[in-house]
Amino acid sequence: MPVLYTSQDQVEVYRFNFATALFVPLAALFLQAFVPLKFPFFMMFDLPLLVVIFFAVARRSQVSGLMTGAVIGLLQDSLTHQKIGLYGIAMTVVGFGASSLGVRIDVENVGARFLGTMFFYLVHEVVYFVVARGMVQSDVQWAWSHELLSALANGLLAVVLFALLDRLKQRA
Amino acid sequence: MDNLLSRHRNVSILVAVLFAQVLGLAVQVKRDSSGQETRLIRLWVVEAVTPFEKSLAWIQNTTGGIFHNYIYLRGVRAENRQLKQQIEDMRLQQVRLEEDASQARRLQLLLGFKEKFIQKTVPAQVIGTSGTEQSRSVYIDKGFADGIKPDQAVITAEGIVGKILHVYDDHTSSMLLVNDTSSGVGVILESSRIQGVLRGMPNGQLTVEKILSDESIQPGERVLTSGGDQIFPKGLGVGVVSAVKPGKDSFLDVRVKPGANLSRLEEVLVITHVENRSPSVDVTGPVRAADILAQRLPSVPDKPAVDPSLKPVPKVGGATATPLKPVGGQAATQQPKPAQGDAVQPVKTATGNPPLDSKKSSLPTGSAATGTKSALPPATASAPQASSSTPNATTPSPAGASAQNPAVKPASTTPAATGTVKPAVAQAPVPNKTVAPAHRDPDKSAGPASQNKPQTAPVEDKPE
């Protein structure tokens with residue numbers, strides 16, 4: 001039985017079947033954990049975050065967006081040795097924001113995807129930094145150059161990845 | 001109120017979800033000091049992800065193994081030659097190191113020094129990472145079934161890499177790398193002997209904290225574990241100092257380049273058992289080819305009588321040996337010395353075929369790199385320095401050696417020779433136990449038991 005997430009807006013909304021909704025986030029988590037073993041530079045990408053942005057924007061539903069973000073964020077937290085909830089909170093905010101943005105602008109455009117991903121990557125990092133420093137008192141540092149470079153890299157990857165994931169979308 | 005919530009339904013849900021997560025986070029922060037329990041969600045995610053990682057790692061190893069072991073063999077012969085040469089060099093180096101190590105063990109024994117010895121390690125393969133830069137931890141394919149427990153040290157041949165954080169199941173564990181910000185390792189700088197705490201920085205670099213700015217540290221100095229953290233045994237390699245800068249609050253900012261490549265770990269060793277014991281001293285030394293040969297050959301007949309005119313020279317080792325009279329520093333040097341004629345026959349030193357032992361004794365440890373490499377078997381290599389530095393006491397070779405080498409003089413006539421028995425003389429805490437039987441049983445004076453006697457000479461016999 002397919003899981004349907006649609007919004008009531010007039011804009012074009014998409015749905016994903018159950019297998020896609022389940023295995024794409026899991027595959028993103030798996031690749032994020034495995035690929036850096038062979039290619040350490042891959043650590044600067046954040047595949048789960050890109051998947052959250054993609055699903056949130058495509059579904060154009062704030063509730064489904066934030067729930068998707070929360071679940072994937074908590075799963076990502078589980079792979080780390082840190083407190084569970086740091087990524088969960090950051091991804092929830094990103095999921096909600098991305099779906100809100102998806103309602104208002106055309107996110108099928110390549111430029112919009114690139115800039116949107118960069119923006120949400122930075123939002124994600126800011127929220128993570130604030131929560132990690134403010135609540136958990138983790139020793140995290142903010143380096144603008146590193147964050148901007150990572151945002152740029154994730155924006156470029158998002159353009160390619162979203163084009164691939166577009167094939168899995170089904171018109172609602 | 002209901003109207004407000006329904007009007008802002010999405011925002012309300014967002015706030016509720018965020019609140020729930022913040023609450024969960026606060027609970028975890030509160031319970032932080034309670035221990036390292038594994039959360040159920042963490043276990044589920046790890047159980048879901050690691051089988052794929054293990055499968056991929058297995059496929060990669062198998063295909064890589066086939067390619068490297070059967071297809072890509074270019075340059076293997078040259079490499080083999082080079083490795084054989086390296087083995088020879090290392091054998092020679094081993095000779096010197098064994099001497100140093102045994103000397104250090106004896107000194108440690110004297111001091112009642114307790115040390116941690118790595119007794120068992122488990123090799124493991126790294127199968128995955130945490131996937132984020134904020135958490136520098138990796139997963140390995142060993143778990144409960146292999147005796148893995150939290151807080152066990154993990155090392156590679158290049159140096160330490162981390163410690164076990166969680167054990168999830170029989171074949172999965174997570175490991176915290178030393179360059180994580182929450183990691184801390186007690187370290188000591190090799191030459192300056194300054195101790196500090198090795199910590200990871202947010203950018204993944206390593207730094208040694210708590211070193212005062214008035215200390216002198218040079219880049220390139222090796223960093224070793226100090227054992228102070230009760231996780232890593234003392235003396236394991238960590239890395240080298242890469243940079244030294246003034247830091248905050250009159251402390252130095254000492255950067256360390258890790259010996260192991262922490263971002264490309266493949267195989268690691270988990271130290272599953274560490275024994276806390278005093279170093280042992282092998283008093284009799286290893287069994288050597290010359291000892292076995294001496295045992296198989298006919299025993300040396302006792303000399304019937306000694307010419308009274310030779311009486312001033314006390315003779316030990318034959319049936320007519322007189323009891324040892326400690327006279328100043330000479331006592332220890334007298335006893336192991338058989339009469340010159342006694343040991344000649346079994347070891348055939350007079351025939352021009354020096355025994356294995358006498359070959360060694362004529363080869364000082366410093367000559368290891370002088371081209372006599374292959375003639376020196378590693379198993380028999382522990383004695384040369386002792387026998388060369390203490391010629392007065394080596395048996396059965398001394399007789400033969402003295403016949404060949406005029407520098408090897410009878411002990412009783414060289415009181416000064418006790419001074420050449422440098423640290424070995426002062427190290428032995430149980431000299432009399434080994435010295436005495438040599439007098440009681442003259443046959444053994446030419447046997448293996450007396451090989452190391454000069455090193456066990458009593459401290460009190462040393463000339464003041």
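Predicted model: local features only at pLDDT ≥ 70, side-chain atom pairs only at ≥ 80, totals over all residues.
**View 1. Phe30(A) and Phe34(A) in helix α1 of chain A.** Phe30(A) and Phe34(A) stand four residues apart in helix α1 (residues 18-38) of chain A, and therefore about one helical turn separates them; helices are DSSP runs of H or I with at least four residues, numbered from the N terminus. Residues are numbered from 1 along each chain as its sequence is written, chains are lettered from A and ligands numbered from 1 in the order in which they are written, and side-chain values use heavy atoms, without hydrogens and water. Phe30(A) is buried at 14% relative accessibility, and Phe34(A) is buried at 10% (buried: under 20% relative accessible area, 1.4 Å probe, protein chains only).

**View 2. The tilted pair of Tyr87(A) and Tyr128(A).** The ring centres of Tyr87(A) and Tyr128(A) lie 4.8 Å apart with the planes at 45°, so the pair is tilted (rings of Phe, Tyr and Trp, the last by its six-membered ring, pair with centres within 6.5 Å; planes under 30 degrees apart are stacked, over 60 edge-to-face, the rest tilted). Tyr87(A) belongs to helix α4 (residues 86-104) of chain A and Tyr128(A) to helix α5 (residues 110-136) of chain A, 41 residues apart. Tyr87(A) is buried at 3% relative accessibility, and Tyr128(A) is buried with a relative accessible area of 3%.

**View 3. The aromatic cluster of chain A.** One aromatic cluster is formed by Phe16(A), Phe54(A), Phe55(A) and Phe162(A).

How values were computed: Helix = DSSP H or I, 4+ residues; strand = E, 2+ residues; numbered from the N terminus. Buried < 20%, exposed > 50% of the residue type's maximum accessible area, 1.4 Å probe, protein only.
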